[in-house]
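Hi everyone, thanks for making time. I'd like to walk you through one structure today, so please have a look at it on the screen first.

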Amino acid sequence: MGIRSKILLAFLLCFGLVGWASLVLLKQRMNAEFSDLERADLHDSMGRVLKIMDASVSSLRSQTRDWAEWTDMYDYVRAPHARQAWASSNLDAQALDTADLSFVDILDARAGYVRAVRSAGVGSAEQLPLDQRQALAARLALGDAPLCGLQSFSARFALVCAARVSRSDRSGGYVGLVVMGRFLDGRRVAQWQEQSGFGLWLNAAGDIPPAVQWLRGALPANGISGQDYALHVFSELNTMYLPLQSLDGQPLATLEVRIPRELFARTQALQTRLAWQFGVSALVIAVLLATAVHWLLVRRLRDLTRQLQELAEAGAWSRKVVVPGRDELRVLATEVNFMLEMIDDQVRDLTAQSMTDTLTGLANRRAFDMRLALEFGRARRHTQPLSLLVVDVDYFKCYNDHYGHPAGDAALRTVAEVLATACGRTIDLAARIGGEEFALLLPNTPLEGAVDIAHRLQRLLAQRAIEHEASEVAPHLTVSIGVAAIGMLDDSAHALVARADRALYVAKSQGRNRHHCDVPAES
């Protein structure tokens, strides 16, 4: 995995974690805020439903009060037999239909029936029980205000109001009461639904699921229900249950109100949009970041890597890497160039050490072989002369045994100095190729010139007069030299070396302290 992918992955992980935490916190905050707004909206909705129901109750209460304070109604209750004609013409089914009433019960002071009027479709058997009538009479005997509430008739509910019968001027004693009711059938509940805009159902008392949340004291005081209602929250719907009271203040029915969770749906849609926007933003930022990382970092690192690879393949440690800019990568390139300088110096030192004889400072056998192969090839290509001198110190083992190895090392260094002096050109190469064996490679030098250098070498060494009592040829240190020049039959550098070795062998066999030439054969 490249650095670009790692940076991109790290960004996605960090941004994803931060974004996820932010979304979670935002969602919690939004849910809390919208929950409060939704709860307030629920209270407003229930208040709207109660206003509609209160309007129905108020309308029925007003009608009940008007009928109860009707002077003719007072006279009829006091003397029903004397006013039968009036009752027949004013208290009939047509009058109930005109007033949008389901039934009217006229009771005397002992809660007995004076007259019961029913609208079309309402059975005569649907009457208030005697105990309820007596309870109403007792409560109304204590005050003038009408009583309203729900009443159950044959498994259906009715909105009922009862008022004390009196003259319009409130004169006269207690003579009875008027009870009016409207059945809460499907038509009337549908009207409530249309007015409120919610789904409404009227159920039996206690018809409330167990898994609900009760909101205590959440509703204003009213005459048909308490101030508490239950809430059941679904994913797309809020269902509220409002207990409704009977005439004696006891729970009689449950109003079920279903309100779509429009605010919750908008909240979820908003959270979804935020999540998508965050995802798209993260993707766009990731692409932009990847592009920036590529151009500012990866591309320049790849160029630096390519330069270093080319440099390493060529072994050109003296070359410099170039990174444009003035940032940390430029500083890195500067440090790399500093290290390359150190490597180049070390390579040069190591190369020199690997090509140099540590005792004499001359080229060693490896350097000699490499240079010989190079010069042999050049001489062949350009048809130039090439000569080789192979030099061996006479009786050097005896010298070491007689004077000791430190003196022997000093003698070899002196021979090396003489060799370096004898070959005056920079293109000539003096090398130590064995213990006491040396070589002198002379490019562009014919055999005659090589013989002259051999003479010079012996003369310079004799001038040094290095004492050698163990020598059998001279009292001072001497050398034997084999001289050879490249010939037409020499097919390799090894052949030239072999001929020089043969010449050295001849010089040594002829008594040492001399040179011998191996003349190349002509083709």
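A quick definition before we start: two strands count as paired if DSSP finds at least two bridges between them. Please also keep in mind that this is a predicted model.

With that in hand, take strands β4, residues 156-164, and β5, residues 176-183: they pair in the antiparallel sense over 7 bridges. To find your place, look for Ala158, which stands opposite Phe183 in β5.

Now let's zoom out. These two belong to an open sheet of 5 strands, in the order β2-β1-β5-β4-β3, with antiparallel pairing. At the edges sit β2 (113-118) and β3 (147-153), each pairing on one side only. On average, neighbouring strands here are turned by 20 degrees against each other, ignoring direction. Helix α2, residues 71-78, packs on this sheet and touches β1 (103-108), β2 and β5. The direction of α2 makes about 55 degrees with that of β1.

On to another element, helix α13, which covers residues 493-509.

Which residues of α13 are buried? Among them are Leu496, Val497, Arg499, Ala500, Ala503, Leu504 and Ala507. As for what covers them, the list includes helix α9 (365-382) and strands β11 (386-393), β13 (437-443), β14 (479-485) and β15 (515-518). Finally, just after α13, Gly511 takes a positive phi of about 120 degrees.

Conventions: Residues are numbered from 1 along each chain as its sequence is written. This is a predicted model: local features need pLDDT of at least 70, side-chain atom pairs count only at pLDDT 80 or more; totals for chains, interfaces and linings use all residues. Side-chain values use heavy atoms; hydrogens and water are left out. Helices (H or I, at least four residues) and strands (E, at least two) are DSSP runs, numbered from the N terminus. The expected span of a helix is 1.5 Å times one less than its number of residues. Buried means under 20% relative accessible area, exposed over 50%, partly exposed in between (1.4 Å probe, protein chains only). Contact means heavy atoms within 4.5 Å. Axes are lines fitted to C-alpha atoms, for helices over the stretch in contact, and angles run from 0 to 180 degrees between N-to-C directions.
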